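Hello,

Here is the structure I promised to pass on to you. Have a look at it first, and then read on for my notes on what turned up.

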Amino acid sequence: MTAEAKAAEVAAADPASPPLTERQEARRRRILHASAQLASRGGFDAVQMREVAESSSVALGTLYRYFPSKVHLLVATMQDQLQHMHTTIRKRPPAGETPAERCAETLMRAFRALQREPHLADAMVRALTFADRSVSPEVDTVSRLTTAIILDAMGLEDAPTPEQLSAVRVIEHTWHSALITWLSGRASIAQVKIDIEMVCRLIDLTTPEAS
């Protein structure tokens, strides 16, 4: 299995659920769009379920059938944003010479995309922080999408080794932590870039040749 196939497998490994009809998918898209719009304007507190329902032209009860809470909704919004980033990055792959350079470039592009919408980024990250066990499937999907983005960025010819997958997990944790520290004003963009580039070096250190 190639690294690209592995990334696709990771991204697709969602908990089993009945496929949505075209009408249901359109309704879900409207809900996620409304959530992102409200969060972009006012952050976590601005996303009120009644307003989301009104903005997406669905009944409040229908909204709760799709998303049982605001945290569920905002974590799903982050899934949607990551899927969009993944598509964009695949259309314009990173140009670095090594897997580490490509990974760092990709994660900084994703970071800057979130930087352009700081209120939205804050709302999504806060939802991830507040998520309890009831939101575990959605949080796991966010993790799988982040992993798939990193694996695609690495551009490996062969499937990643267990050591490289371990490095990817550490990189993912560092990226999420960097988002939190930047959003709280405890880290500058320059510091985030240094940390991301440093942790991505783990990829090159865990290649079979390096070992």
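Arginine 109 is buried, because its relative accessible area is 16% and the cut-off for buried is under 20%. Please keep in mind that this is a predicted model. Arginine 109 sits in helix α6. Leaving aside residues up to four places away in sequence, arginine 109 is in contact with Thr88, Ile89, Arg92, Pro93 and Pro94.

Sorted by class, the lining of the second largest pocket has 6 nonpolar, 3 polar and 5 charged residues.

Helix α7 covers residues 118-130, 13 residues in total, and reaches 18 Å from its first C-alpha to its last, close to the 18 Å expected at 1.5 Å a residue. Its buried residues include Leu120, Ala121, Ala123, Met124, Val125 and Ala127. What do the buried residues of α7 pack against? Their partners are α2 (22-42), α5, α6 and α9.

Just after α8, glycine 155 has a positive phi of about 60 degrees.

Within helix α8 you will find threonine 146. Is threonine 146 buried or exposed? It is buried, since its relative accessible area is 2%. Not counting residues up to four places away in sequence, threonine 146 touches Leu82, Glu172, Trp175 and His176. Between threonine 146 and alanine 123 there are 18 Å in space, C-alpha to C-alpha, and the two are 23 residues apart in sequence.

Serine 177 belongs to helix α9 (residues 162-183). Serine 177 is partly exposed, with a relative accessible area of 38%.

Some of what I have comes from UniProt. An unreviewed UniProt entry places the feature "domain: HTH tetR-type" at residues 25-85. In the model, that span is 79% helix and 0% strand, and its end C-alpha atoms lie 20 Å apart. The unreviewed entry in UniProt also places a "DNA-binding region" at residues 48-67. For residues 48-67, the end C-alpha atoms lie 12 Å apart, and the span is 70% helix and 0% strand.

One last residue deserves a look on your screen. Serine 57 is found in the loop between α3 (49-55) and α4 (60-66). Serine 57 has a phi near 60 degrees, a positive value in a residue other than glycine. Most residues other than glycine have a negative phi. Serine 57 is also exposed, because its relative accessible area of 62% is over the 50% cut-off.

Happy browsing, and do write back with any questions.

Best wishes

Methods: Residues are numbered from 1 along each chain as its sequence is written. This is a predicted model: local features need pLDDT of at least 70, side-chain atom pairs count only at pLDDT 80 or more; totals for chains, interfaces and linings use all residues. Side-chain values use heavy atoms; hydrogens and water are left out. Ala, Val, Leu, Ile, Met, Phe, Trp, Tyr, Cys and Pro count as nonpolar, Asp, Glu, Lys and Arg as charged, and the others, Gly among them, as polar. Helices (H or I, at least four residues) and strands (E, at least two) are DSSP runs, numbered from the N terminus. Buried means under 20% relative accessible area, exposed over 50%, partly exposed in between (1.4 Å probe, protein chains only). UniProt positions are given in the numbering used here, feature names are shortened, and annotations may be inferred rather than shown by experiment. The expected span of a helix is 1.5 Å times one less than its number of residues. Contact means heavy atoms within 4.5 Å.
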